[in-house]
Amino acid sequence: MASIQRLTLTCQQRNPSPAATSTLATALKSKLKLPTVKHENIYNLPNFLTLTRLIATPVVGYLIIHNHHLYAFSLFTYAAVSDLLDGWIARKWKLQTVVGSVVDPMADKFLMTTLVTCLAVNGSLPMPLFALILGRDASLAISALYYRYASLPAPKTMARYWDFSLPSAEVHPTTISKFNTFLQLSLLGTLLCTNLLHDPSATTSAAGGLLMSIQDALGGEAGVKTIIQGMSAVVATTTIYSGLEYTWSKKAVVILGGDEALKRKQGFRGRMIMASGFGSFIALAAWLWYNDTAREKVEETDERK
């Protein structure tokens, strides 16, 4: 560094011309070994497919709410296929990027939340199940915010909080949680399929006859309703279990660091935050279910009269 300063001073004293400036720049480049920053090529096919899935998600929600079920189902099918395809392409041709690893699960969660919300709005998804699914995700998000802050090494600043190159805790999704996600998507896809039976543009299409024959094979409208109720009960059970597992499992969230006493304290508080938050949503879901059951009984009584 001293040699560079002497060189700079010499050039400034002897000849402050453009030629001297160029000489100084060349000398500086030769003396300084600047680190080369490698930029990822984020403009690839997998990331493009993920982006289109993000863009398609609010359109799917709009179509569901306005009862355009054929178009909603078609766009949902594209989103599901693109989700499988972008991961396969990225692994096959080694196109994985950091951006893709963040945006891809974000797109999946955005699609899940949109489907759950919009299907609940148009009455396809029972409100108690809506409260359970969204409540579990919201409780996990709140507890994750706590885990990040509590386990972040000092100094705890906003810049360091959002700097994910500073790892502080690791989340390990449980087996039941992964299975629950699969069941939730299966239920949502089934609801989109059954909604096709109430869309004239679907029933009068070339595949309309096939749709009606499938419904007849499943026992008609009553049989389809029974299947949906069974799937909803299974999803409600796995959602409750997977959410509660995060409250007692010490392996779901692993806090980094060497202070074992502090880690146990932070882990206990994080699990209690999850328990209190999700417990509130379970109580809300139970209350909604009770009200729905009571209303159905009143309607059945009125019909008999």
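**Entry 1: Leu111.** I looked up the contacts of Leu111 and found that Leu111 touches Thr57 and Ala79, leaving aside residues up to four places away in sequence. Contact here means heavy atoms within 4.5 Å. I then placed Leu111 in helix α5. Helices are DSSP runs of H or I with at least four residues, strands are runs of E with at least two, and both are numbered from the N terminus. Leu111 counts as buried because its relative accessible area is 8%. The cut-offs are under 20% relative accessible area for buried, over 50% for exposed and in between for partly exposed, with a 1.4 Å probe and protein chains only. I also noted Arg53, which is 58 residues from Leu111 along the chain, with 8.2 Å between the two C-alpha atoms.

**Entry 2: what I am reading.** The model is predicted, and local features need pLDDT of at least 70, side-chain atom pairs count only at pLDDT 80 or more, while totals for chains, interfaces and linings use all residues. Residues are numbered from 1 along each chain as its sequence is written, and side-chain values use heavy atoms, with hydrogens and water left out.

**Entry 3: the whole chain.** I counted 12 helices and 2 strands in the protein chain. Read from the N terminus, the elements run α-α-α-α-α-α-α-β-α-α-α-α-β-α. The protein chain has 305 residues, and 35% of them count as buried. I looked at contacts between residues at least 6 apart in sequence, and 74% of these join residues at least 24 apart. The accessible surface of the protein chain is about 19,000 Å², and carbon and sulfur atoms hold 67% of that surface. Such areas come from the Shrake-Rupley method with a 1.4 Å probe, and for residues only the protein chains shown count as cover.

Entry 4: I checked the length of α4, residues 69–92. Its 24 residues should span 34 Å at 1.5 Å a residue, and the end C-alpha atoms are 34 Å apart, so the two values agree. The expected span is 1.5 Å times one less than the number of residues. Which residues of α4 are buried? I listed His69, Ala72, Phe76, Ala79, Ser82, Asp86, Gly87, Ile89 and Ala90. An α-helix has 3.6 residues a turn, so residues three or four places apart point the same way.

Asn67 is not a glycine, yet its phi is positive, about 60 degrees. Asn67 counts as partly exposed because its relative accessibility is 44%. After α4 comes Lys94, with a positive phi near 55 degrees. Lys94 is in the loop between α4 and α5 (98–121). Is Lys94 buried or exposed? At 71% relative accessibility, Lys94 counts as exposed.

**Entry 5: a cis bond.** I looked up the peptide bond between Ala154 and Pro155, which is cis, with omega about 0 degrees. Pro155 is in the loop between α6 and α7 (158–161).

Entry 6: I placed Asp137 in helix α6. Asp137 counts as buried, at 17% relative accessibility. Thr239 is 102 residues from Asp137 along the chain, and their C-alpha atoms are separated by 9.8 Å. Leu262 is in helix α12. With a relative accessible area of 40%, Leu262 is partly exposed. Between the C-alpha atoms of Leu262 and Ala150, 112 residues apart along the chain, I read 9.6 Å.

**Entry 7: the second largest pocket.** How much space lies in the second largest pocket? The value is about 1,000 Å³. Its lining is made up of 30 residues, and Ser124, Pro126, Lys225, Ile228 and Gln229 are the ones nearest the centre. The elements giving two or more residues to this lining are α6 (127–151), α8 (175–195), α11 (220–248) and α12 (260–304). The largest share, 8 residues, is from α11.

I noted how a pocket is set: on a 1 Å grid over the protein atoms alone, it is an open set of points where a 1.4 Å probe fits, with protein on both sides within 12 Å along at least five of seven lines, and lining residues have an atom within 4 Å of a point. Grid points are joined across faces, edges and corners, and the volume is the space filled by probe spheres set on the points.
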